[in-house]
Amino acid sequence: MAAVTVLAPPASAAIAAAPRPSPYSFPSKPIPKIPPLSKIPSKLLVSSKTSTSSPSTSSLVEKEERIFFDGGAHYGDLVTNLLLGFTLLWLPLTIAAVSRAFFLRYRFTNRRVTVISGFTGQDRSDFPYSAIKDVQVVPRLIGEWGDIVITLKDGTKVDIRSVPRFRMVSDYCLLMADGASKGSLEQKTGSGPRGF
């Protein structure tokens, strides 16, 4: 009996012989539906040092901070101001809209409101919901985006401009501010729920 050797075709021939999918064909698997932005859970972990019974030992306790809204100015604000920027009268407002679009971010979490601004994003303003006294909204265009004016308890007014979904964000701010003020009131008076 003679030994028969079987030679495999070279690897380049096997690759050339493989059928190539058409670049114009649809994918074989359906594309999954993407949930809306408000349904996407996002977590931000914050660690703070707390002391235990002995002062020499300290442990890091992680507190979970959930992001409700994180984004910049609405794109409609930029487009509208760019279109109106062809007039010399509207040019300063167009420059302000471009700077808002590129250098301004808003973040609303379950603990605080954060405004991040500046050329490098180093300017940051944080304030807790317990410091909020009042929240007002001003719709822009036909209500697609709007401005949120947050009045703090010390009298400071924070103007957050061109926020998408501004009504939902302002309702969330009021809800969290009411919850924070009730929580601090219960801590001061001790009228919170009590056990046996």
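A residue is called buried when its relative accessible area is under 20%, exposed when it is over 50%, and partly exposed in between (1.4 Å probe, protein chains only). Keep that in mind as we walk through this predicted model, where local features need pLDDT of at least 70, side-chain atom pairs count only at pLDDT 80 or more, and totals for chains, interfaces and linings use all residues. Residues are numbered from 1 along each chain as its sequence is written, and side-chain values use heavy atoms, leaving out hydrogens and water.

Let's begin with charged side chains. Side chains of opposite charge can pair when their charged atoms come close. A salt bridge here is a side-chain nitrogen of Lys or Arg within 4 Å of a carboxyl oxygen of Asp or Glu, and the structure holds 9 of them. One of these joins Glu 64 to Arg 66, with 2.8 Å between the closest N and O atoms. Glu 64 is partly exposed at 35% relative accessibility, and Arg 66 is partly exposed at 38%.

Another salt bridge connects Arg 112 with Glu 65 at 3.1 Å, N to O. Arg 112 sits in strand S4 (residues 112–117) and Glu 65 in strand S2, so the pair links parts of the chain 47 residues apart (helices, H or I, of at least four residues and strands, E, of at least two are DSSP runs, numbered from the N terminus). Glu 65 is buried at 2%, while Arg 112 is partly exposed at 23%.

Now for the rings. Rings of Phe, Tyr and Trp (its six-membered ring) pair if their centres lie within 6.5 Å; planes under 30 degrees apart count as stacked, over 60 as edge-to-face and the rest as tilted. By this rule there are 5 aromatic pairs. Phe 68 and Tyr 172 are stacked, because their ring centres are 3.9 Å apart and their planes meet at 10°. Phe 68 belongs to strand S2 (residues 58–71) and Tyr 172 to helix H4 (residues 166–189), 104 residues apart. Together with Tyr 129, Phe 68 and Tyr 172 form one aromatic cluster.

Finally, look at a sheet. Strands of a sheet pair through backbone hydrogen bonds, either parallel or antiparallel. Here, two strands pair if DSSP finds at least two bridges between them. An open sheet is built from 3 strands in the order S6-S7-S8, with antiparallel pairing. Its edge strands, S6 (132–140) and S8 (157–164), each pair on one side only. Strand S7 (residues 145–152) is joined to S8 by 6 bridges, and Trp 145 has Pro 164 in S8 as its bridge partner.
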